[in-house]
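This briefing sets out selected structural features of the model shown below.

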Amino acid sequence: MLQQFLDTLNATIPLEGYLVVGAIMFAIGAWGALIRRNAVVVFMCIELMLNAVNLSLVAFADYLPNAGGAGAGYAVLVIAVAAAEIAVGLAVVLAVYRTRKTVNVDDINLMKG
Amino acid sequence: MQQITAGTFVALSPEILAFVSSMLVLMVGIFNPRSVVLTAGLAALGSLVTFAATVVLLAIGFQGSFFGDGYVVDDFALYFKLIVVLSAFFTVLAAARWAGRTGDAPEYLALTLSVALGAMLLVSMRDLFGVFVSIELATIPSYALVAFDRRRRESPEGGMKYILTGMVASSILLYGTVLIYGVAGSANLTLVATTFAGTLSPVGLLGLVLLISGFAFKVSAVPFHYWTPDAYQGAPTSAAAFLSVAPKAATFAALLRILLQGMPEAVSTWAPVMAVLAIATMFVGNLFALRQRNVRRMLAYSSVAHSGYVLAAFAALQGAGTDVAVQAVLIYSAAYMVMNLGAFFMIDLVGEDGKSFNGLFVTRPSVALCMAVFMAALVGIPPFSGFFGKVWIIAAGVQSGSIAAYLAVAALVVNSVLSVPYYFGITRNVFFEEPLASTEEPKGTGAIKFSVYVLAVATTLFALFIGPLAGLAGISSGLL
């Protein structure tokens with residue numbers, strides 16, 4: 001019984017495990033990005049989404065027979081892109097904050113229709 | 001693994017030139033902060049040189065695939081590079097004076113050129129991750145461009161709405177890419193095609209849906225269009241003009257390449273989706289445009305509607321209609337570039353309130369005629385450019401032999417009629433309303449007027465270009 005349990009612990013985690021965790025993380029991030037009203041928190045949720053994708057990406061890269069590990073290289077690219085996006089995003093949020101003293105996305109509604 | 005040879009540098013020469021000129025503009029701008037003429041001249045020269053390099057590549061019939069088949073240069077890609085670079089050139093001309101007054105001309109022009117660089121790379125990519133990275137290279141500077149005008153409160157607001165929705169869309173696009181990569185075992189479109197040849201696995205289907213959603217956002221298709229009116233209304237006029245043409249045309253080109261080369265066997269899955277997107281996008285774009293009083297916002301909704309027209313060509317990418325549909329996308333992109341850039345630049349010449357166009361024919365007849373030309377072209381009246389784009393899409397839809405494509409084409413015809421009131425509402429103001437009593441100096445610089453006149457002539461005489469363009473498009477539809 002105990003030995004069986006220890007064997008389970010030592011077994012490799014199947015690809016599906018990583019993918020399910022990635023999907024759940026992505027869903028949490030997407031949900032947060034939809035319901036949170038603070039722009040900075042929305043950025044955090046988007047980071048969660050991107051990192052969930054990255055988790056799936058490196059899992060695929062490790063498990064796929066033909067991938068040749070290229071996925072890890074792609075993951076580095078994705079991290080760089082995410083950093084660039086956040087840098088521009090925070091600068092824009094700062095510009096909004098300077099004129100309105102708020103980063104609540106519901107209050108920033110000059111343009112409609 | 002392929003060697004990097006001199007041919008690789010020849011293939012990349014337009015991109016290298018665009019990159020160098022963007023960096024040069026930035027560097028020269030830092031050391032000569034007051035000299036707008038110098039930086040704008042450099043940016044315009046850079047785009048002209050890039051244009052020349054692309055024309056040379058096209059003329060000598062340069063073709064090939066590079067970087068392990070991830071990057072291709074074919075006539076299709078070069079054609080879209082020409083459209084991107086030309087619109088960058090006109091945008092630089094139109095933006096120069098305005099950018100100079102903000103005091104940050106080098107940054108503005110360098111950002112414009114890097115959007116162009118991203119769009120140029122995008123049309124050559126045959127690797128899904130390459131597509132993602134170049135889309136981001138085109139999108140991230142465009143966030144900054146939209147939020148650039150800090151003196152207007154709308155601009156950072158538009159930028160923030162754009163960036164929040166844009167980043168969610170990017171992660172959805174990336175998730176789709178990763179799932180397809182996982183199912184296919186490679187991100188190269190040639191290898192993806194073998195996976196999508198049989199019955200689709202659920203994961204592959206999910207990847208396809210997410211990928212199409214991400215692209216639908218980037219081309220502002222309904223239901224992912226909410227950022228478009230706010231971003232374009234907030235953005236500086238030249239940025240709105242550029243973003244509605246160049247990155248959008250390049251994104252359509254990339255989507256076309258992915259669908260035709262990466263998943264041609266799954267056409268029965270994605271073509272109806274494209275038809276539904278097209279029909280919804282046309283109707284929403286036009287119905288919302290009807291309600292607008294602000295010309296900038298009206299043109300933003302009009303660009304949503306025009307995305308719908310192009311998507312109708314995507315619905316026709318099957319059966320006998322395939323070649324004509326590819327040609328339709330190519331010709332529509334060129335036609336849309338000349339008419340839409342011009343229509344947006346008119347805002348810098350006249351004003352963004354619909355009333356500011358009143359009696360323009362009395363006060364400034366040549367400018368008024370240009371506006372009439374652009375509006376007629378956007379409706380699709382012959383002989384102006386928009387007409388030919390629509391004719392090609394209709395021809396493709398009719399030949400495709402699919403019910404969904406027929407419906408999309410029928411919706412296109414209905415929507416062309418639907419769009420008449422708001423385009424001609426402005427034309428009516430121009431010709432039949434009394435001019436507003438105003439002591440203001442007429443707006444606009446010589447450079448903007450020059451761009452508008454050139455674009456108006458190109459829009460009017462588009463029929464003369466249609467021969468060479470169709471010939472080019474005929475070759476181009478043979479994707480490498």
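Helices here are DSSP runs of H or I of at least four residues, numbered from the N terminus. The model is predicted. In it, 31 residues of chain B are in contact with 32 residues of chain A.

**Interface between the chains**

- On the side of chain B that touches chain A, two or more residues each come from helix 6 (128-146), helix 7 (154-184) and helix 10 (227-234) of chain B.
- The greatest contribution to this side is that of helix 7 of chain B, with 16 residues.
- In terms of residue class, the side of chain B that touches chain A comprises 16 nonpolar, eight polar and seven charged residues.

**Helix 2 and helix 3 of chain A**

- Helix 2 (residues 15-35) and helix 3 (residues 39-63) of chain A have axes that come within 8 Å and cross at roughly 165°.
- Angles over 145 degrees count as roughly antiparallel, and helix 2 of chain A and helix 3 of chain A are therefore roughly antiparallel to each other.
- The crossing in which helix 2 of chain A passes helix 3 of chain A is left-handed.
- From helix 2 of chain A, the contact includes L15(A), Y18(A), L19(A), V21(A), G22(A), M25(A) and F26(A). Among the residues they and others of that helix meet in helix 3 of chain A are V42(A), C45(A), I46(A), L48(A), M49(A) and Y63(A).
- The residues of this contact between helix 2 of chain A and helix 3 of chain A divide into 19 nonpolar, four polar and no charged.

**Helix 12 and helix 18 of chain B**

- Helix 12 (residues 267-290) and helix 18 (residues 403-418) of chain B pack with their axes 9 Å apart, at an angle of about 10°.
- Angles under 35 degrees count as roughly parallel, and helix 12 of chain B and helix 18 of chain B are therefore roughly parallel to each other.
- Helix 12 of chain B contributes A271(B), P272(B), A275(B), A278(B), I279(B), M282(B), F283(B) and N286(B) to the contact. Helix 18 of chain B contributes A404(B), A405(B), L407(B), A408(B), A411(B), L412(B), N415(B) and L418(B).
- The contact of helix 12 of chain B with helix 18 of chain B has 14 nonpolar, two polar and no charged residues.

**Helix 10 of chain B**

- Eight of the eight residues of helix 10 of chain B are buried; they are W227(B), T228(B), P229(B), D230(B), A231(B), Y232(B), Q233(B) and G234(B).
- These buried residues pack against helix 6, helix 7, helix 11 (237-262) and helix 13 (295-315) of chain B.

- With 15 residues, helix 16 (residues 365-379) of chain B reaches 21 Å from its first C-alpha to its last, close to the 21 Å expected at 1.5 Å a residue.
- Helix 16 of chain B is mostly covered, with twelve of its 15 residues buried; among them are V367(B), C370(B), M371(B), F374(B), M375(B) and L378(B).
- G380(B), which follows helix 16 of chain B, has a positive phi, near 105°.
- P382(B) and P383(B) are joined by a cis peptide bond with omega about 5°. P383(B) is found in the loop between helix 16 and helix 17 (385-400) of chain B.

**Other backbone features**

- Most residues other than glycine have a negative phi, and most peptide bonds are trans.
- The peptide bond between V222(B) and P223(B) is cis, with omega about 5°. P223(B) is found in the loop between helix 9 (202-218) and helix 10 of chain B.
- S220(B), in the loop between helix 9 and helix 10 of chain B, is not a glycine but has a positive phi of about 50°. S220(B) is buried, with 27 other C-beta atoms within 10 Å.
- K101(A), in the segment after helix 4 (70-100) of chain A, is likewise not a glycine and has a positive phi of about 60°. K101(A) counts as exposed, with 8 C-beta neighbours inside 10 Å.

**An exposed glycine in chain B**

- G467(B) is found in helix 21 (residues 462-476) of chain B and counts as exposed, with 9 C-beta neighbours inside 10 Å.
- G467(B) and L412(B) are 55 residues apart along the chain, and their C-alpha atoms are separated by 24 Å.

Note on methods: Residues numbered from 1 in each chain as written. Chains lettered and ligands numbered in written order. Predicted model: local features only at pLDDT ≥ 70, side-chain atom pairs only at ≥ 80, totals over all residues. Contact = placed C-beta atoms within 7 Å. Nonpolar A, V, L, I, M, F, W, Y, C, P; charged D, E, K, R; others polar. Axes fitted to C-alpha atoms, helices over the stretch in contact; angles between N-to-C directions. Parallel < 35°, antiparallel > 145°, perpendicular 65-115°, else oblique. Left-handed = near helix turned anticlockwise from the far one by under 90°. Expected span 1.5 Å × (residues − 1). Buried ≥ 20, exposed ≤ 12 C-beta atoms within 10 Å, placed from the backbone.
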